[in-house]
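Subject: Structure handover and notes

Hello,

Please find the structure below. My notes on what was found in it come after.

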Amino acid sequence: MEEKSKIRLLFSSSLLLLLFSLSAAVSNPSQLQTLLLRPLPSAPTLSWTDAEPESDSLVEISELNAVSSNTTLEMHLELRHLDAFSSEETPERLFDLRLQRDALRAETIYSLVSKAVARNRPRAPGRPGFSSSIISGLAQGSGEYFTRLGVGTPPRYLYMVLDTGSDVVWVQCSPCKNCYSQSDPIFDPTKSRSFSGIPCGSPLCRSLDSSGCNKRRMCLYQVSYGDGSVTFGDFSTETLTFRRTRVGRVALGCGHDNEGLFVGAAGLLGLGRGRLSFPTQAGRRFNRKFSYCLVDRSASSKPSSMIFGDAAIPRTAVFTPLLTNPKLDTFYYVELLGISVGGTRVGGITPSLFKMDPAGNGGVIIDSGTSVTRLTRPAYIAMRDAFRIRASNLKRAPDFSLFDTCFDLSGKTSVKVPTVVLHFRGADVSLPATNYLIPVDSSGTFCYAFAGTMSGLSIIGNIQQQSLRVAFDLAGSRIGFAPRGCA
């Protein structure tokens, strides 16, 4: 009898401990956070001042790879969202267009990676005598943010999309065989004192995945995109002016034939990890460091920002190592180990779901041009179901577009929602509520802003990156995340 009493006492104690733990979990504020309900953002204003910097305040880098000085530079840029080119559209239409671009970009990334894995250098049909590569950079889905910078000497100020999923820098040039509509006059290289063609045999020309030559034995480039868009022209070097910093001899494409679904910027500033991206070309002078912070436009009217140099790395950042895909050097791969919802690690989400195999399949990339985070489907379903259970007090709404977990929050100004934490190797990143429960219409419908994918590749998109400073420390081969990074 005494033994049975001990067993009963032990069982009762365990039950009480379990009930106490469950009660604590429910009441613990770390399991929930407040979501302030804001409407879909309208298009931002497309305004910029093209003031030429004073000569005494201008920092000039004439040779990108010069190492005669130990001084590293800093460069600060303002960023605007692509919606500024569609200022007459309604918020609902802008959001619909964003999701269309997003679907195109994700599809093209998956296609690009699968082709690269299948054959190390994917080939596409090119012009006669010119072998082209499908290089990352995705036309209509080529990036959601842009800046304004000067091209040439004297500088002609142009809008340029910034894209961590692209390498080659290029701009539309006259004379144009085919040019799409852009907000500024098309750049004329004959009016620039610093424009210079690149000879076919030069190392820069050989740095292209594949290169062509014109009759004068000068280098040609071609970038093809998954939607059939293409840019083709002279591969050259030119000076770029970023506010008070002038960077000389940047290798870029001067596109005379640009066809397809491009949006109103004049060109693209590739920020990928490849040999011809701007961070790689300018790396030594900026210590191979840059970062960005993308504002939540529903909560703030101030612009997003980008920093190059040591100042790009915030002291409060937590870091995760960068991984390398042996078949594709453009994308920024990281290791995701798990996900917590409501303060609890989601069961069934194991590191193996996000692992990149030796052939380059799978893995996780951080991407500025994809909006919605896509997780390999088993991980997404487990996380989604965990969120639904913990948000069961919220009124459900019908599915919307690619979102299958939506809520009717009409008439409310704020709600409590389960927390979401991404567990990268060495870095636990807590997401603000506005980074995963977002408005999708003007009727108070909010959706869980993740999606599943049948691909083995997961993509961390820019909605989930909002208000975080995402720091790319290429010298240290790591990526950092700092909360409230847009201040």
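Is Y448 buried or exposed? Y448 is buried, with a relative accessible area of 0%, where buried means under 20%, exposed over 50% and partly exposed in between, for a 1.4 Å probe and protein chains only.

The basis is as follows. This is a predicted model, in which local features need pLDDT of at least 70 and side-chain atom pairs count only at pLDDT 80 or more, while totals for chains, interfaces and linings use all residues. Residues are numbered from 1 along each chain as its sequence is written, and side-chain values use heavy atoms, with hydrogens and water left out.

Aromatic rings

The structure holds 19 aromatic pairs; rings of Phe, Tyr and Trp (its six-membered ring) pair if their centres lie within 6.5 Å, with planes under 30 degrees apart counted as stacked, over 60 as edge-to-face and the rest as tilted. F387 and Y448 are stacked, because their ring centres are 4.1 Å apart and their planes are at 20°. This pair links distant parts of the chain, 61 residues apart: F387 is in helix α5 and Y448 in strand β30 (residues 445-448). Helices (H or I, at least four residues) and strands (E, at least two) are DSSP runs, numbered from the N terminus. F387 also counts as buried, at 0% relative accessibility.

One aromatic cluster is formed by F242, F278, F286, F290, Y292, F308, Y332 and F472.

R148 lies over the face of Y159, 4.2 Å from the ring centre, and the charged end of R396 is over the ring of F407, 5.9 Å from its centre.

Nonpolar cores

A nonpolar core is a set of buried Ala, Val, Leu, Ile, Met, Phe, Trp, Tyr and Cys residues joined through side-chain atoms within 4.5 Å. The largest has 75 residues, and F278, F424 and Y436 have the most contacts inside it. Helix α5 (residues 377-390) gives the most to this core, with 5 residues. Apart from it lies another core of 20 residues, including Y159 and W170.

Backbone

Cis peptide bonds join T153 to P154, with omega about -5°, and S174 to P175, with omega about 0°. P154 lies in the loop between β6 (145-151) and β7 (156-163).

R249, in strand β13 (residues 245-259), has a positive phi near 55° without being a glycine. R249 is partly exposed, at 42% relative accessible area.

Regards

Technical notes. A charge sits over a ring if NZ of Lys or CZ of Arg is within 6 Å of the ring centre and within 35 degrees of the ring normal.
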